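This report concerns salt bridges and the parts of the chain that they connect. Please consult the sequence and the model shown here.

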Amino acid sequence: MRLRLTLLAGLALVAAAGLAQARQPASSAPDVPPAEPVPSPAEEPPPVQTAAPPTTPAPITAETPAEASAKPKAIEKPATPKPRVRGGAAIIQAIDKVTAETLKFEAPVGQPIRYKTLIITVRACETTAADEEQPDSAVYMTVDSQPRAAPGRAAPAPRQVFRGWMFASSPGLNPLQHPVYDAWLISCRASAPVPAKR
């Protein structure tokens with residue numbers, strides 16, 4: 001009987017110890033190794049002295065940087081473009097849309113030229129300079145519409161139908177808009193040389 005009591009008391013003690021251990025919160029943090037001790041300033045080794053690379057002194061100039069920045073910088077001038085070649089006459093081609101008749105003629109600068117009921121006056125004709133990329137000719141002209149005078153009657157007053165620049169490479173850029181006739185620039189012709197006097 002005494003042995004049984006001793007066993008029961010031992011079991012009760014073991015159960016109480018297990019219950020107490022189960023009530024303690026389990027730590028979820030992983031095992032952290034202990035921190036290494038930080039050496040005190042007295043124990044730190046002295047810093048290593050490194051030799052600085054040798055520096056070369058800046059060259060001595062006659063002016064300071066402030067004076068150099070105050071000076072205006074020289075601006076390069078752009079190349080002067082070559083002048084365009086002025087022609088003494090324009091080569092124009094005209095067409096009658098009704099009869100499909102075409103005519104190529106020369107119109108001197110400043111002289112009115114009649115083509116059927118049109119009076120074409122060339123004011124300027126010029127060709128691109130040699131340094132320009134795309135060769136072209138351009139003419140500034142006026143075109144008046146004036147029917148011919150009937151016998152015994154005065155001619156009607158002219159009516160301007162076009163004034164502006166035409167370009168040989170792009171005839172549709174600024175065309176003559178007329179219901180019956182069309183005209184466009186072919187090229188410019190240089191002025192005829194003045195014959196030498198004998």
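## Salt bridges

R189 is partly exposed, with a relative accessible area of 45%; here buried means under 20% relative accessible area, exposed over 50%, and partly exposed in between (1.4 Å probe, protein chains only). This is a predicted model, in which local features need pLDDT of at least 70 and side-chain atom pairs count only at pLDDT 80 or more, while totals for chains, interfaces and linings use all residues. Residues are numbered from 1 along each chain as its sequence is written, and side-chain values use heavy atoms, with hydrogens and water left out.

The structure holds six salt bridges, each defined as a side-chain nitrogen of Lys or Arg within 4 Å of a carboxyl oxygen of Asp or Glu.

| Pair | N to O distance |
|---|---|
| R189 and E106 | 2.5 Å |
| E132 and R84 | 3.0 Å |
| E126 and R86 | 3.2 Å |

The partner of R189 is E106. R189 lies in strand β8 (residues 181–189) and E106 in strand β3 (residues 101–108), so this pair ties together parts that are 83 residues apart in sequence. Helices (H or I, at least four residues) and strands (E, at least two) are DSSP runs, numbered from the N terminus. E106 is partly exposed, at 36% relative accessible area.

R84, R86, E126 and E132 are linked in a network of salt bridges. Within the pair of E126 and R86, E126 is buried at 13% relative accessibility, whereas R86 is exposed at 55%.
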